[in-house]
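Good morning, and thank you for joining.

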Amino acid sequence: MINCRYFNKINNTCSYEVADGCYEVFNCTHFKGNQKGIRTENFSSDVFFVPWIGKNYEKGFFNCKRTLILGNSFYCDFSKLEGQYEECKKNNRCMKREYYRCCSYGIECLSLEFKDMSRAHKHLMGILAGMDYHDTSLPEATESIRQSIAFYNFIQEALDTGSDKPTKEQCIRSDSAFFEVLEKLRPEIIIALGTSHMWTDLPGDEGRYHDRWEWRKPFEYENFSLNQGSYSLNDGQKIPILLVKHPSRNYEPILWNSIINKWVNSL
């Protein structure tokens, strides 16, 4: 995959080859993290949209377990872009770092004040906090939550809109980055956002890291039956994963917080 690897402090641009005035940042999102004083890791160029990693991630969240929140994809209507965005269209992905209302990086999404977050991310904070979305305490709780989790989107190429489903090829091209993130962050649990195509998008079927995937019978809670399984790291550590209703369509945060806690306690 093509990826920005260096940032030139002299002319404020990213490039793929080192030159005078450049320093290595591995991709544009790393520069955003460095610029804002937010933690980033030394990921390879496969990891184009690097994860948000809270300052207290290692201390854990649910039951003090290192918690990775896994989304599906970011969005950018690059097919309609003109002028300075031509590079995005040519590469069929977001390539720049400071375009107004360009695709949202995990670092940007989770570094925003609660009032500036998207509806989906506000809903996510409500689910993680176990609070109603209109609870006046939720904005304050959000700061602690986001510093206690990691957030990563699986698909490493921006899609046009939220209604788009990634192709099989896009999923396959994102597999190696996903496992690189797991190896570096070593989460103890994964909460995946989405119960429909997310289940088939993730690696685990025959030919796609099936040796690192273990299917488990669905987790049952009242009238809910939720897909779950686990991924294996290179050293054999298993990471349980539960697929929950996507926050953009989730209007029962207290219920879903209870479901997640029940699942974590069952492990």
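I begin with a polar contact of 3.1 Å between the side chains of Asn72 and Asp201. By polar contact I mean a pair of N or O atoms within 3.5 Å; within protein, one must be able to donate a hydrogen and the other to accept it, and residues adjacent in sequence count only if both atoms are side-chain atoms. The model is predicted: local features need pLDDT of at least 70, side-chain atom pairs count only at pLDDT 80 or more, and totals for chains, interfaces and linings use all residues. Residues are numbered from 1 along each chain as its sequence is written, and side-chain values use heavy atoms, with hydrogens and water left out.

Where is Asn72 placed? Asn72 sits in the loop between strand S5 (67-71) and helix H2 (86-91); helices (H or I, at least four residues) and strands (E, at least two) are DSSP runs, numbered from the N terminus. Beyond its neighbours within four places in sequence, Asn72 has contacts (heavy atoms within 4.5 Å) that include Phe154, His197 and Asp201.

Is Asn72 buried or exposed? Asn72 is buried because its relative accessible area is 8%, where buried means under 20%, exposed over 50% and partly exposed in between, with a 1.4 Å probe and protein chains only. Lys59, in the loop between strand S4 (52-53) and S5, is exposed, with a relative accessible area of 63%.

Finally, strands S8 (residues 213-221) and S9 (residues 224-232) pair in the antiparallel sense over 7 bridges; pairing requires that DSSP find at least two bridges between two strands. Arg216 has Gln228 in S9 as its bridge partner.
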